[in-house]
Amino acid sequence: MARHVIAPVDELPPGTRKFLEIDGRPIAVFNIKGEYFGLMNRCPHQGAALCEGPLIGLAQSSDPGEIEYTKLGEIIRCPWHGWEFDIRTGQSYCDPRRFRVKAYPAHVEPGTSVVKGPYVAETVTVKVESDYVVVDL
Amino acid sequence: MNIQFRESQEAASPLISKTAIADCDIHPARATRTELYPYLAKRWQHHLDVYGVHAYQGMMEGPPYPKAQPNASRRDAWPPEGGPQGSSLSFMQKQLLDPNNVQLGVLNPLNTGQGIRNHELSAALCSAINDWQIDKWTSKDKRLKASIVVGNEDGLSAAAEIRERAGDKNFVQVLLLSRNVEPLGQRRYWPIYQAAEEAGLPVGVHAFGFGGNPITPSGWPSYYIEEMVGHSQCQQSALASLVLEGVFERFPKLKMVMIEAGFGWAPSLAWRLDKVWQRLRSEVPHVKRPPSEYIREQVWWTTQPMEDPERREDLFDVINWIGWDRLLFATDYPHWDYDEPSRVLPAGVTEANREAFYLGNAKKLYGIN
């Protein structure tokens, strides 16, 4: 497993997402209220750029007429066919047995840790004073 | 290198090595409300500014059900230069035609002059849409071919529009919608079939339209999802009407294309029609052969929304009944229920059938070399 620096934390504020390609794989990283999540940016159904869809909540119903709306801002809705996935886990709510989006753990590391040691950035000048969003892939 | 920090590549390289395909249901849109004005007489421009259009649907400005996504479209299909999805040729080329190696794209404009109460305005708008299709689309990209949009509720003016466009290589079919004032086999529509048959053009029946009737045979449903399912019920009643009113018998060279309503229901409809026809044929003596024979000989089906049963063998059973020579691949671009060409057909299809499914049947039906 390799670690990939995504962005300094102040370039990925809450409510934003960043698209990038890592080792040929399209990835999207989200900041949801200060928590970071990484997802494969490809819908397992027909291959749309999944993470270009809107972030919505989860509408569920125990009985007709009883509607519960939870996980606000934590469900990604595919821009093509509207399939819904939990960005925390990549789980599908349409067909969880067959379809799942690959989820990648994302977290924040201090700049000193990504500059020192094995995690050397080759393409950008890394500012040591910042914290960085890092994805494990 | 184990650290990467780069922007994703927006434009994939054009995959010209992909197998060529036809896309038999593409929806071009107008970029602005007044984009048709250059093709309309001043009298109608004025009319639209003052009165707008009145559909058969009562008290409705827009469609009676919300469409799941803005303009019922893919969220990644907004053209970068602005305007609604499907309104930019250059973006359509970049997003649909080039990467999928679309060799033939059949345009089916919606929200035209079809199904509106003022028949003169209906005819003027349909004619304008047809001129616009040539100017904006087919003359600028030879892969694209247009459907002749006609004022469907006035058979005579519709037939006149077909005759005027007959022989024009920009057009490959006549376009009707599935929801009309009456079932499509009724006599008011016969002039359309006669003119289409004379012109050698297939008649496409696209799902949707506003005939003023409830969207399902059992009344107005509560949800858009019921409208979506209702398209297949609507096409079934349209097809039954075409058979039982004797349209196929009267116009034996007429070719009909059922667009965007699935095809999995076709065998069971034909079986049921055959069975009741055996018992009730004296009511419709003009229907001289079992209904399934007309259907198999004179009807084609676009694939989107592609049937997706759990067992691929079920899909193959249906297609084997319909015939591998009868399906026309379609994406429905830019609409949200778009079918991705590389993902819709399961493995296990012979090379000849794949080629027919994706391209050969369409080229043959629409007369494209």
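Modeller: Start with B:W301. Setting aside neighbours within four places in sequence, B:W301 is in contact (heavy atoms within 4.5 Å) with B:L239, B:M258, B:G262, B:F263, B:W265, B:A266, B:I295, B:I322, B:R326, B:L327 and B:L328. The model is predicted: local features need pLDDT of at least 70, side-chain atom pairs count only at pLDDT 80 or more, and totals for chains, interfaces and linings use all residues. Residues are numbered from 1 along each chain as its sequence is written, chains are lettered from A and ligands numbered from 1 in the order in which they are written, and side-chain values use heavy atoms, with hydrogens and water left out.

Biologist: Which residues touch the most other members of the largest nonpolar core?

Modeller: B:Y193, B:L239, B:W301 and B:Y366 do, in a core of 133 residues. The largest share, 9 residues, comes from α3(B). A second, separate core has 5 residues, including B:Y65, B:A72, B:I215 and B:Y224.

Biologist: What makes a set of residues a nonpolar core?

Modeller: Its members are buried Ala, Val, Leu, Ile, Met, Phe, Trp, Tyr and Cys residues joined through side-chain atoms within 4.5 Å. In soluble globular proteins, nonpolar side chains tend to be buried together.

Biologist: Why is B:N108 called buried?

Modeller: Buried means under 20% relative accessible area, exposed over 50%, and partly exposed in between (1.4 Å probe, protein chains only). B:N108 has 0%, so the residue counts as buried.

Biologist: Where is B:N108 found?

Modeller: In the loop between β2 (102-107) and α3 (119-138) of chain B. Helices (H or I, at least four residues) and strands (E, at least two) are DSSP runs, numbered from the N terminus. Beyond four places in sequence, the contacts of B:N108 include B:C24, B:D25, B:S147, B:Q173 and B:H206.

Biologist: What joins the side chains of B:N108 and B:S147?

Modeller: A polar contact of 2.7 Å. The rule asks for a pair of N or O atoms within 3.5 Å; within protein, one must be able to donate a hydrogen and the other to accept it, and residues adjacent in sequence count only if both atoms are side-chain atoms. The 2.7 Å value is within that limit, so the pair qualifies.

Biologist: How do you know that B:H206 is buried or exposed?

Modeller: B:H206 has a relative accessible area of 0%, so the label is buried. The residue lies in strand β5 of chain B. Its side chain makes a polar contact of 3.2 Å with that of B:H27. Another, of 2.9 Å, joins B:H206 to the side chain of B:E260. B:S222 is 16 residues from B:H206 along the chain, and their C-alpha atoms are separated by 23 Å.

Biologist: Why is B:L359 called buried?

Modeller: Its relative accessible area is 7%, under the 20% limit, so B:L359 is buried. B:L359 lies in helix α11 (residues 351-366) of chain B. B:D23 is 336 residues away along the chain, yet the two C-alpha atoms are separated by 8.2 Å. Not counting residues up to four places away, B:L359 touches B:A20, B:I21, B:A22 and B:Q103.

Biologist: Which residues of helix α5 of chain B are buried?

Modeller: In α5 (residues 190-199) they are B:W190, B:P191, B:I192, B:Y193, B:A195 and B:A196. Among the elements covering them are α4 (155-165), α6 (224-244) and β6 (256-259) of chain B. B:G200 follows the helix, with a positive phi near 70°.

Biologist: How many helices and strands are there in chain A?

Modeller: There are 1 helix and 9 strands. Of the 137 residues in chain A, 47% are buried. An open sheet of 6 strands has the order β1-β9-β8-β4-β3-β2, with antiparallel pairing.

Biologist: What makes β1 (3-8) and β2 (17-22) of chain A edge strands?

Modeller: Each pairs on one side only. Two strands pair if DSSP finds at least two bridges between them. β1(A) and β9 (residues 131-136) of chain A have 5 bridges, so they pair. A:V5 stands opposite A:V134 in β9(A).
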